[in-house]
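Please look first at the sequence and the model shown below, and keep both in view while reading.

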Amino acid sequence: RPASALKELAENAVDAGATRIDIRLTSGGADRIEIADDGCGMSADEMALALERHATSKLPDEAIELVSTLGFRGEALPSIASVARLTIESRIRGSSEGWQRIVDHGELVSEGPAALPPGTRIRVEQLFGKVPARRKFLRSPRAEYAACLDVVRRLAMARPELGFTLEHDLRRTLAVQAG
């Protein structure tokens with residue numbers, strides 16, 4: 001569901017040390033999920049690693065007992081990229097330029113420099129676009145949006161030190177200031 005993808009992407013933003021997370025949805029997230037953060041950002045090599053299955057940069061020295069992040073298995077981004085068109089743009093704080101990779105249903109279609117502020121922006125489009133059997137099991141855009149809103153509200157309540165905005169179909173529906 002779009003809410004599951006959104007949850008994984010938002011938790012990655014939290015793990016990146018973001019203080020602000022801005023989310024945009026179209027058609028309940030089935031057509032587009034975009035999430036932008038002001039976290040630490042990723043290099044081109046880290047971005048490539050993040051899109052590999054079972055690969056993670058969040059596991060310190062392979063010591064699983066020291067994991068302090070929300071995600072570390074290395075499955076979220078490659079799983080989402082296999083069933084959607086995924087665009088990742090990221091810039092490390094202090095770096096002069098960012099990097100972008102576009103993966104369309106599992107196939108790398110382009111990569112190169114990107115202009116954006118420090119942090120990461122991820123766009124998921126056409127979720128299950130080439131998997132119609134999965135797409136037909138999605139609920140109505142309104143129901144999918146309600147599930148996404150629930151995910152964002154729960155994360156905002158659990159992380160009052162973070163600011164969140166949520167926009168659905170070009171309408172701002174939630175704005176939470178960092179506490």
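Helix 5 lies across strand 1, strand 7 and strand 8, and runs at about 170° to strand 7, where axes are lines fitted to C-alpha atoms, for helices over the stretch in contact, and angles run from 0 to 180 degrees between N-to-C directions. The model is predicted, so local features need pLDDT of at least 70 and side-chain atom pairs count only at pLDDT 80 or more, while totals for chains, interfaces and linings use all residues. Residues are numbered from 1 along each chain as its sequence is written, and side-chain values use heavy atoms, with hydrogens and water left out.

Helices (H or I, at least four residues) and strands (E, at least two) are DSSP runs, numbered from the N terminus. Helix 5 covers residues 141-158, and its 18 residues reach 26 Å from the first C-alpha to the last, close to the 26 Å expected at 1.5 Å a residue; the expected span is 1.5 Å times one less than the number of residues. Among its buried residues are Tyr145, Leu149, Val152 and Ala156, buried meaning under 20% relative accessible area with a 1.4 Å probe, protein chains only. The buried residues of helix 5 pack against helix 1, strand 1, strand 7 and strand 8, with contact meaning heavy atoms within 4.5 Å.

Helix 1 lies across strand 1, strand 2 and strand 6, running at about 10° to strand 2.

The strands form an open sheet of eight, in the order 5-4-3-6-2-1-7-8, with mixed pairing. The edge strands are strand 5 and strand 8, each of which pairs on one side only; two strands pair if DSSP finds at least two bridges between them. Two of the pairings are set out here.

| Strand pair | Bridges | Direction |
|---|---|---|
| strand 3 and strand 4 | six bridges | antiparallel |
| strand 4 and strand 5 | seven bridges | antiparallel |

Glu89 has Gln100 in strand 4 as its bridge partner, and Asp104 stands opposite Glu107 in strand 5. In the hairpin of strand 4 and strand 5, with two residues between the strands, His105 takes a positive phi near 50°.

The largest nonpolar core has 43 residues, and those with the most contacts inside it are Ile21, Leu86 and Val124. The largest share of this core, eight residues, comes from helix 5. Such a core is a set of buried Ala, Val, Leu, Ile, Met, Phe, Trp, Tyr and Cys residues joined through side-chain atoms within 4.5 Å.

How values were computed. Buried < 20%, exposed > 50% of the residue type's maximum accessible area, 1.4 Å probe, protein only.
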